[in-house]
Amino acid sequence: MSVQFVPLEPASETAALRDRVARLRSAMEWASDAIPAGVRDEVFATIDRCEERLALGVDNTVVALAGGTGSGKSTLFNAILGREFAVSGVARPTTSDVSAAVWGVDASALLDWLGVAPQRRLARVIDELDDEDEKSLAGLVLLDLPDHDSVNPDNRATVDRIIPMADLLLWVVDPQKYADNALHSAYLEAASQQQRPSLVVLNHVDRLSTEDAWAVARDLQRLLAVDGMTQVPVMPISAKTGQSLDILRAELAGAVAGKTVAAEAVRADLVYAGRLLSGALARGTEPTLPDAEELVQALAAAAGVDARAESAAARAKGAAGELAGSLRLSVATAERERLDWVDAATDGLPPTWRRVVADATGEGAELAEAIQAELAAAPWPDIERPTGIKALFARAGAAARARRRTLDVGRAAVRLVVMPQVVEPTETIHQAYRAMDELTRLEAVQAADEENA
Ligand SMILES: Nc1nc2c(ncn2[C@@H]2O[C@H](COP(=O)(O)OP(=O)(O)O)[C@@H](O)[C@H]2O)c(=O)[nH]1
Ligand SMILES: [Mg+2]
């Protein structure tokens, strides 16, 4: 839950994340029928959001000021901006719209994605003459959100839309309403569960005595712990007097400089998707691929390949008579073999996975027909029948060779059908399963890291 501004190599971090998102998407596409519809939609929405955010580049850091009516979001927004922002042509802020301030970069694509109206965008050009303090904010995209507790449902909808898109949430709380249940149960708990990078400021502290300010800060800290935000420190500030704003600015500068917050937000999103999926996975169970060769041999035998091999062996020893001719596979047998395979391939997995593997593999009728066609077209070896004196000397070796060659040709024909229709689809679904499982494991690793920290 804590926000750690560890500088990383942004390019490789982004590439790794992009790769993870892509793998999750393909896993979802392969196995989406194994995932309950509600979870599936949410995971796909998360994947879309991650892809879009990564495409926009993670060098900029989107920080959203969120909180209740009168908590001081707009005042804090202006206080962080200072006075040097270009305000010409900017519409007066209203409580219904999102305003954005951007430090030193062109973030228009990002602001388009966030849905910030052009007349609500402020740009702070940063040049050599700026002091270090200001320069250190380059890359910051600060958003002033509507009130989450607004009576206007449109405002709440805007807040709910933007919160998942922000890289860092800056929760602004006031001493009167800091314990407000709507804030904690509807927002902070969710942000904590989804591991969204967050900061919390207790605003309006100029209206409290120092003792009272600390008492409230401590109580708020306690409530945050209940929400699950054990590592997020409460920063007491006053947007009005400027008290402790330097500390907040330094925190924001750290977030921007690390260039990892956006990446961390995407990561948190992915971990969240993994958690959504974990119900559709069986912890600690690795799907195993049944022995494909066993299936091939069983189907070949059922289709009469082994019988034909025996008669080929007999003929090579001089026995009279035709080779066992009819190579037929009954639909019922093919279906039974397939379902045994599906059972073995999904052993230990939730039942929905059995259906997915069953759907992905060819049905009995299809298999039987395709196998018979391949057997009919197979390059069967010529088995010469020795006669006269030769028959006397025909050795066991020739019989074994004839048997082996016939079995090889027959099984190869069955394999031509079984590999693409049964084995490969099963392998792909297993891969999808493992990719999803890996995501939920990653979360476990992260949680363990936090406990050790
Ligand atoms: N005393 C004091 N008043 C504040 C502070 N921050 C905001 N206000 C006042 O609280 C009221 C609501 O602030 P506003 O920024 O509009 O809150 P918002 O609804 O969260 O955007 C305004 O009258 C502000 O002047 C602060 O830190 N101390
Ligand atoms: Mg406001």
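**Briefing: ligand shell, sheet and domains**

By class, the shell around ligand 1 comprises one nonpolar, 10 polar and five charged residues; here Ala, Val, Leu, Ile, Met, Phe, Trp, Tyr, Cys and Pro count as nonpolar, Asp, Glu, Lys and Arg as charged, and the others, Gly among them, as polar. The model is predicted: local features need pLDDT of at least 70 and side-chain atom pairs count only at pLDDT 80 or more, while totals for chains, interfaces and linings use all residues. Residues are numbered from 1 along each chain as its sequence is written, and chains are lettered from A and ligands numbered from 1 in the order in which they are written.

**Ligand 1**
- Ligand 1 is surrounded by 16 residues, of which Gly72, Lys73, Ser74, Thr75 and Lys240 are the closest (a residue is near a molecule if its C-beta atom, placed from the backbone, lies within 6 Å of it).
- Helix H3 (residues 73-81) supplies the largest share of this shell, three residues (helices are DSSP runs of H or I with at least four residues, strands are runs of E with at least two, and both are numbered from the N terminus).

**The sheet**
- An open sheet with mixed pairing is formed by seven strands in the order S3-S2-S4-S1-S5-S6-S7 (two strands pair if DSSP finds at least two bridges between them).
- S3 and strand S7 (234-236) are the edge strands, each pairing on one side only.
- From one strand to the next, the twist averages 20° (axes are lines fitted to C-alpha atoms, for helices over the stretch in contact, and angles run from 0 to 180 degrees between N-to-C directions).

**Strands S2 and S3**
- Strand S2 (residues 99-103) and strand S3 (residues 121-124) run parallel and are joined by four bridges.
- Alanine 100 stands opposite arginine 121 in S3, and valine 102 opposite alanine 123 in S3.

**Domains**
- The protein chain is divided into domain 1 (60-258) and domain 2 (292-452), with bounds from an automatic or database domain assignment.
- The C-alpha centres of domain 1 and domain 2 are 63 Å apart.
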